[in-house]
Amino acid sequence: RQAVLHQALQGITARDIVTKECSLITQQLSVGQLVRDYILVKGHRYFVVVDGVKLQGVVTMRNIRRTPKGHWDSTPVGEIMTPAGEVKTAHPEQAAVSLLEQMNELRVNQMPVLEEDEVIGVVTWDSLIRLVNTRAELRV
């Protein structure tokens, strides 16, 4: 299986598969507003917290679940986010196979991609696996 993954992702980098359609939010947004405007309406589950385009942290469903519902409207996401210093990130030229291995090892489903400290998007586990499956189906 490892050989198939390596072959399918050969020559692909994070820049090739990064999605720019990630949810960028600010630290000041309340957890309640995040839930109402992004999660319940759009179904998003992973949020990149930025100051302009500079990574401040990320918010996942796990961060939200740890916050009592009664405090959602009074709690800014900056208080519940995983700070940037604890977030594993990728760089645009990182090999996709390395990224897949890193995400597997860290047990994360998304990883922000930074170029010179600026968030350019997110790579998702699903997009990597979908790419492997597509390339295998086409036998390329």
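**View 1. Arg15 and Glu115 joined by a salt bridge.** In this predicted model, the side chains of Arg15 and Glu115 meet in a salt bridge with 2.8 Å from N to O; a salt bridge is a side-chain nitrogen of Lys or Arg within 4 Å of a carboxyl oxygen of Asp or Glu. Arg15 lies in helix H2 and Glu115 in strand E5, so the pair ties together parts that are 100 residues apart in sequence. Helices (H or I, at least four residues) and strands (E, at least two) are DSSP runs, numbered from the N terminus. Glu115 counts as partly exposed at 32% relative accessibility, and Arg15 is partly exposed with a relative accessible area of 35%. Here buried means under 20% relative accessible area, exposed over 50%, and partly exposed in between (1.4 Å probe, protein chains only).

Residues are numbered from 1 along each chain as its sequence is written, and side-chain values use heavy atoms, with hydrogens and water left out. Because the model is predicted, local features need pLDDT of at least 70 and side-chain atom pairs count only at pLDDT 80 or more, while totals for chains, interfaces and linings use all residues.

View 2. Glu93 forms a salt bridge with Arg15, and the closest N and O atoms are 2.9 Å apart. Glu93 lies in the loop between strand E4 (82-83) and H6, and Arg15 in helix H2, so this pair ties together parts that are 78 residues apart in sequence.

**View 3. The salt bridge of Asp73 and Arg36.** A search of the whole structure finds 3 salt bridges. In one of them, the side chains of Asp73 and Arg36 meet at 2.9 Å, N to O. This pair links distant parts of the chain, with Asp73 in the loop between helix H4 (61-65) and helix H5 (77-80) and Arg36 in helix H3 (residues 31-42), 37 residues apart. Asp73 counts as exposed at 52% relative accessibility, whereas Arg36 is partly exposed, with a relative accessible area of 43%.

**View 4. The buried face of helix H6.** Ala96, Val97, Leu99, Leu100 and Met103 are buried in helix H6 (residues 96-106). Seen down the axis of H6, the buried residues fall within an arc of 160 degrees, so they line one face of the helix; the arc is that of the directions from the helix axis to the C-beta atoms. Leaving aside neighbours within four places in sequence, Leu99 is in contact with Ala14, Ala90, Gln94, Met111 and Val123, where contact means heavy atoms within 4.5 Å.

View 5. E5 and E6 pair in the antiparallel sense over 6 bridges; two strands pair if DSSP finds at least two bridges between them. Val113 stands opposite Gly121 in E6. The hairpin has 2 residues between the strands, and Glu116 takes a positive phi near 50 degrees there. Glu116 counts as exposed, at 77% relative accessibility.

View 6. Just after H6, Arg107 takes a positive phi of about 55 degrees, although Arg107 is not a glycine. Most residues other than glycine have a negative phi. Arg107 is placed in the loop between H6 and E5 and is exposed, with a relative accessible area of 78%.

**View 7. Ser127 in helix H7.** Ser127 has its place in helix H7 (residues 125-138) and counts as buried at 15% relative accessibility. The side chain of Ser127 reaches the backbone oxygen of Thr124 at 2.7 Å.

Methods
A polar contact is a pair of N or O atoms within 3.5 Å; within protein, one must be able to donate a hydrogen and the other to accept it, and residues adjacent in sequence count only if both atoms are side-chain atoms.
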